[in-house]
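Please find below a colleague's note on the structure, arranged as numbered points. Each point takes up one part of the chain or one set of contacts.

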Amino acid sequence: MIRAMIDDLISISIVMFVLAFSGYILATLKEKINLNNNTVFLDNKTLSSHDLEDLDIKHFMLGNIEIMVGDEVKIILENDNKLVGVVLGANKSNNTIALVTRGTDVIKLNIKSIRNLRVISRYGKFFTRF
């Protein structure tokens, strides 16, 4: 009786794991297809087209780090403030980078004020590091 219940729980656990992993793979593939079509979906209700008008670069290098629209980054500024947000793009003429923070604020940073930048997750990438 107990052995049958344990076998049922193991079977249900395996099925749930396979479904969750398959869902993650499908979501990542959908992001990759959207990225190939130059479309990025950001879950933000305060973002407007006015915030995106002056951003002219979608894929760029900052130092030796490749950054694309939709990547989640952690930035340490010169005054030791820390920001975590999603990259919206960059403006080459002003040397600024635009981020949407978790507080749904759109922040434009001067590149010279950035001391350290680290990419937390990449949009449309599956297994970014090993």
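1. Asn95 lies in the loop between E4 and strand E5 (96–101). In this predicted model, Asn95 has a positive phi of about 55 degrees, although it is not a glycine. The residue is partly exposed, with a relative accessible area of 36%.

2. Asp80 is found in the loop between E3 and strand E4 (82–91), and its relative accessible area of 48% makes it partly exposed.

3. Asp80 also takes part in a salt bridge: its side chain meets that of Arg115, with an N to O distance of 2.6 Å. Arg115 lies in strand E7 and Asp80 in the loop between E3 and E4, so the pair ties together parts that are 35 residues apart in sequence. Arg115 is partly exposed, at 46% relative accessible area.

4. The strands mentioned above belong to an open sheet of five strands, in the order E6-E5-E4-E3-E7, with antiparallel pairing. Strand E6 (106–110) and strand E7 (114–121) form the edges, each pairing on one side only. On average, neighbouring strands of this sheet are turned by 45 degrees against each other, direction ignored.

5. How many bridges join strand E3 and E7? Strand E3 (residues 72–77) pairs with E7 in the antiparallel sense over six bridges. Ile75 stands opposite Leu117 in E7.

6. The whole structure contains five salt bridges, including the one between Arg115 and Asp80. Another joins Asp54 and Lys108, whose closest N and O atoms are 3.1 Å apart. This pair links distant parts of the chain, 54 residues apart: Asp54 is in the loop between helix H2 (49–52) and strand E1 (59–62), whereas Lys108 is in strand E6. Asp54 is partly exposed at 33% relative accessibility, and Lys108 is partly exposed at 41%.

7. A further salt bridge, between the side chains of Arg3 and Asp7, has an N to O distance of 4.0 Å. Being four residues apart in helix H1, Arg3 and Asp7 are separated by about one helical turn. Arg3 is exposed, with a relative accessible area of 59%, while Asp7 counts as partly exposed at 34%.

8. Helix H1 (residues 2–36) also holds Phe17, which is exposed at 57% relative accessible area. Phe17 is one of the residues of a nonpolar surface patch, together with Met1, Ile2, Met5, Ile6, Ile10, Ile14, Val18 and Phe21. The accessible area of the patch is about 970 Å² in total.

9. Leaving aside its neighbours within four places in sequence, Asn34 is in contact with Thr39, Phe41 and Tyr123.

10. The last point concerns Asp105, placed in the loop between E5 and E6 and partly exposed at 45% relative accessibility. Not counting residues up to four places away in sequence, Asp105 touches Leu99 and Val100. The C-alpha atoms of Asp105 and Thr46 are separated by 7.7 Å, although the two residues are 59 residues apart along the chain.

Notes. Residues numbered from 1 in each chain as written. Predicted model: local features only at pLDDT ≥ 70, side-chain atom pairs only at ≥ 80, totals over all residues. Heavy atoms only, no water. Pairing = 2+ DSSP bridges. Helix = DSSP H or I, 4+ residues; strand = E, 2+ residues; numbered from the N terminus. Axes fitted to C-alpha atoms, helices over the stretch in contact; angles between N-to-C directions. Buried < 20%, exposed > 50% of the residue type's maximum accessible area, 1.4 Å probe, protein only. Patch = residues over 30% accessible without salt bridge, like charges linked within 9 Å, V, L, I, M, F, W, Y side chains within 5 Å. Areas by Shrake-Rupley, 256 points an atom, 1.4 Å probe, with all protein chains shown as cover. Contact = heavy atoms within 4.5 Å.
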